[in-house]
Amino acid sequence: MTAEATSSNLTGQNAIAEVSIVLPTYNESKNIPLVFEALKQCLKGVAWEVIVVDDNSPDGSAEVAKKIGQQDSRMRVIRRVGRRGLSGACIEGMLASSAKFVAVMDADLQHDETLLPRMLEELRSDQHDIVIASRHVEGGEVGDGLSAFREWGSNLANSLARRFLKVELSDPMSGFFMLRREAFEELVPSLSSQGFKIMLDIVATSNGSLRIKELPFVFRERLHGESKLDTLVTMDYLGLLMAKLFHDRLSIRFLMFSFVGATGVIVHLIVLKTLLSTQIAEFSAAQLAATFVAMTSNFFLNNRLTYRDRRLKGAAWFRGLLTFYLVCSFGVLANVGVAELIYAQQPLWWLAGAAGALMGAVWNYVASKTLTWRQS
């Protein structure tokens, strides 16, 4: 066998992968074959594999990836049923790898796959632990991949990360990176499976222990499908930010649940004021109506954001709403009961009120997690 043939075999379909590329997907059936072909072109001479982690896409993304895998063993598929979320998908994919290096990139062709060989070379040099593709270092561009509003939001998020998490990166919101698997496995027990910004979570959790290299890339326009990022992702990001500020003592899900609860207070006051000022109802009736409107608003937002990975639909949505009403009703009793108990022993209205509100929030969170959005 010639040296050339031996080299081809070592980097072919049956070679042990040196690098695993994790592609989290949801409704990317048209893009998966294109990404796979692009990777074959840019990773010639490298032992690699792709791990598609699909959140049970209704468009058959997992089936498309499996068909490719039947012809090429470098394609592997993890189909997640009953679980959603970009960070969680990335974590599962990286944990499924036994390669020395793991990369994460989008399956929508907005990330420039031709940067992967250079990332790999930087890690092979043993000078860095993670290599991040940045749109904001010299040579990088946002390009046409982000709308003006989303670009503004991304820049704001970058500023918050640098200010509050002390993450000194030009593009902490990047979702395109490669790192040593052993470094990832040391950090993974402290990572959150919720939210969208896994790279920021990794760097923030490392507390400066990772040797970081940033490389420029141009963010491309999506070819097929629609972006999975919506305005609610902002809340996900703020939840991650707060969780890290509290050194992960509070879960991101609880923080998002609390954010939603705060919006419910505003909704309650607006409805109460409207009903009273228009004389539609007396105070008691107006208070009751405002309470139900606020609870409904909280349920809707929690279903869309806090429990987006367990989102209720159809008949389950209505059953969930009823259980949420029930949970919150008992939450009011817990709130008042704790507040009165504390006030009787220490007549400080602000202490009693805060303790009651905290008790109500904890009760609502735990009970709704168990009854309304229970894990199936």
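Predicted model: local features only at pLDDT ≥ 70, side-chain atom pairs only at ≥ 80, totals over all residues.
**Entry 1**
I started with the strands. Seven of them form an open sheet, in the order β3-β2-β1-β4-β6-β5-β7, and the pairing is mixed. I looked up the edges next: they are β3 (75-79) and β7 (212-216), and each of these pairs on one side only. On average, neighbouring strands here are turned by 20 degrees against each other, ignoring direction. A reminder to myself: strands of a sheet pair through backbone hydrogen bonds, either parallel or antiparallel.

**Entry 2**
Which sense do β1 and β2 pair in? I found that β1 (residues 19-25) and β2 (residues 48-54) are parallel, with seven bridges between them. Within this pair, S20 sits opposite E49 in β2.

**Entry 3: helices on the sheet**
Helix α3 (residues 61-71) packs on the sheet and touches β1, β2 and β3. Its direction makes about 150 degrees with that of β3. Helix α5 (residues 116-124) packs on the sheet too, touching β1, β4, β5, β6 and β7. For α5, the angle with the direction of β6 is about 25 degrees.

**Entry 4: helix α12**
Off to α12 (residues 315-345), which has 31 residues. How far does α12 reach from its first C-alpha to its last? I got 46 Å, close to the 45 Å expected at 1.5 Å a residue. Its buried residues include G320, L321, F324, Y325 and C328. What do the buried residues of α12 pack against? Their partners are α10 (252-277), α11 (283-306) and α13 (349-371).

Terms used. Residues numbered from 1 in each chain as written. Heavy atoms only, no water. Helix = DSSP H or I, 4+ residues; strand = E, 2+ residues; numbered from the N terminus. Expected span 1.5 Å × (residues − 1). Buried < 20%, exposed > 50% of the residue type's maximum accessible area, 1.4 Å probe, protein only. Contact = heavy atoms within 4.5 Å. Pairing = 2+ DSSP bridges. Axes fitted to C-alpha atoms, helices over the stretch in contact; angles between N-to-C directions.
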